[in-house]
Amino acid sequence: MTISHCQDACAERSYVYAGLEAGAECYCGNRLPAVSVGPEECNHECKGEKRSVCGGAGRLSVYRVEELQPSSRKRRTVTYRGCFRLPENVTHAFPDSLVQANVTVETCSGFCSQKEFPLAILRGWECYCAYPTPQFNLRDAVDASLCGQEPEAQRLAKYCEVYQTPVQDTRCTDRRFLPTKSKVFVALSSFPGAGNTWARHLIEHATGFYTGSYYFDGTLYNKGFKGEKDHWRSRRTICVKTHESGRREIEMFDSAILLIRNPYRSLVAEFNRKCAGHLGYAADRNWKSKEWPDFVNSYASWWSSHVLDWLRYGKRLLVVHYEELRRSLVPTLREMVAFLNVSVSEERLLCVENNKEGSFRRRGRRPHDPELFTPEMKDLINGYIRTVDQALRDHNWAGLPQEYVPR
């Protein structure tokens with residue numbers, strides 16, 4: 001733990017303050033504690049930064065994120081979500097409100113941010129603050145012109161403009177290890193580059209329990225995947241990430257969520273990771289070197305054999321397609337959570353949808369993509385797509401999504 005590491009973590013989550021306690025603990029918030037104490041009471045050195053102070057026993061060293069992290073200002077933006085019909089019972093659906101003449105987006109967003117709500121809702125001179133709920137889930141946007149009237153007309157209308165504030169929806173951010181060891185040992189299995197880390201983020205926030213890993217990745221641990229350091233066979237995590245295939249490795253698990261992604265996308269994602277880490281993009285020289293065709297030739301067959309082995313040796317499977325999870329997040333995630341035998345409220349799933357990206361989406365502008373796959377590469381990959389598609393059907397699963405399969 002260092003001061004800047006804590007500030008980065010809080011900036012990513014769009015909080016104003018970063019607080020450090022007991023040398024190694026980091027907390028984020030939008031309001032200062034009510035009582036301050038003398039600086040001498042913060043007497044613990046940061047575990048990761050000598051001669052820097054990180055709070056004390058029951059004491060926080062508090063830093064304002066923007067003061068030392070200029071880049072965090074860019075993250076503290078308000079995002080327009082669309083025009084929506086108001087729910088039937090406004091006062092029940094929207095827990096807090098502000099009514100004043102000439103209320104602006106900035107005023108409403110600032111008010112709701114201070115109250116720690118992720119949504120700011122405007123109707124005429126009325127400002128409401130809320131979370132997404134089953135009654136107001138932000139899935140049925142209407143034509144923006146219905147909200148584009150004069151304030152007095154807006155006030156009488158049944159439509160409202162919705163903005164995402166910089167505040168994180170915290171209804172699904174609490175996570176812990178399982179209170180008792182799991183009786184069912186579940187894998188979250190995928191080919192590398194198929195979105196396993198993103199799926200773990202969704203599962204952890206939906207269930208409230210950490211996921212584990214067959215490997216150890218310090219970067220993932222530092223980003224909040226605390227199950228990363230737990231032994232993969234501890235059974236204290238809700239499921240365990242693995243890219244392994246082969247009968248012995250598969251039969252160690254009682255059941256598995258098998259995550260499959262279009263091999264063209266998976267290969268590009270894994271090549272980016274190998275060349276530039278979790279959040280970077282491979283350089284032009286990497287794509288133009290012999291490294292890329294060699295990678296495709298060796299990894300494309302692994303994409304196929306990984307699925308075939310799990311279909312053959314897996315004891316109980318739930319097949320999930322990455323593209324379907326992207327396209328239809330809440331229904332697909334609900335199915336995954338049920339498979340993990342965890343009961344989850346609809347509010348929590350909506351919170352996950354609101355926080356769906358997590359910290360592992362590649363940042364910045366994607367480099368201009370020339371055609372990365374030669375005709376020979378496409379012939380090779382398309383053959384594996386046909387094989388996997390047929391194998392899924394043979395095991396009574398739906399085949400691969402339409403966009404995978406060459407027509």
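Which residues in α7 meet Arg 348, Leu 349 and Val 352 in α15? They are Leu 202, Glu 204, His 205, Ala 206 and Thr 207. The model is predicted.

**Helix contact**
- Helix α7 spans residues 196-207 and helix α15 spans residues 346-354.
- The axes of α7 and α15 come within 9 Å and cross at roughly 150°.
- The crossing of α7 past α15 is right-handed.
- Sorted by class, the contact of α7 with α15 holds four nonpolar, two polar and two charged residues.

- Strand β8 (residues 119-123) runs antiparallel to strand β10 (residues 159-164), and four bridges join the two.
- Ala 120 has Tyr 163 in β10 as its bridge partner.

**Cavity**
- The count of cavities of 30 Å³ or more comes to one.
- The lining of the largest cavity consists of Phe 191, Ala 194, Leu 258, Leu 259, Ile 260, Arg 261, Ser 266, Trp 303, His 306 and Val 307.
- Both β14 (255-260) and α12 (291-313) supply at least two residues of this lining.
- By class, the lining of the largest cavity has seven nonpolar residues, two polar and one charged.

Methods: Residues are numbered from 1 along each chain as its sequence is written. This is a predicted model: local features need pLDDT of at least 70, side-chain atom pairs count only at pLDDT 80 or more; totals for chains, interfaces and linings use all residues. Side-chain values use heavy atoms; hydrogens and water are left out. Axes are lines fitted to C-alpha atoms, for helices over the stretch in contact, and angles run from 0 to 180 degrees between N-to-C directions. A crossing is left-handed if the near helix is turned anticlockwise from the far one by less than a right angle, and right-handed if clockwise. Contact means heavy atoms within 4.5 Å. Ala, Val, Leu, Ile, Met, Phe, Trp, Tyr, Cys and Pro count as nonpolar, Asp, Glu, Lys and Arg as charged, and the others, Gly among them, as polar. On a 1 Å grid over the protein atoms alone, a cavity is a set of points where a 1.4 Å probe fits but cannot get out, and a pocket is an open set with protein on both sides within 12 Å along at least five of seven lines; lining residues have an atom within 4 Å of a point. Grid points are joined across faces, edges and corners, and a volume is the space filled by probe spheres set on the points. Two strands pair if DSSP finds at least two bridges between them.
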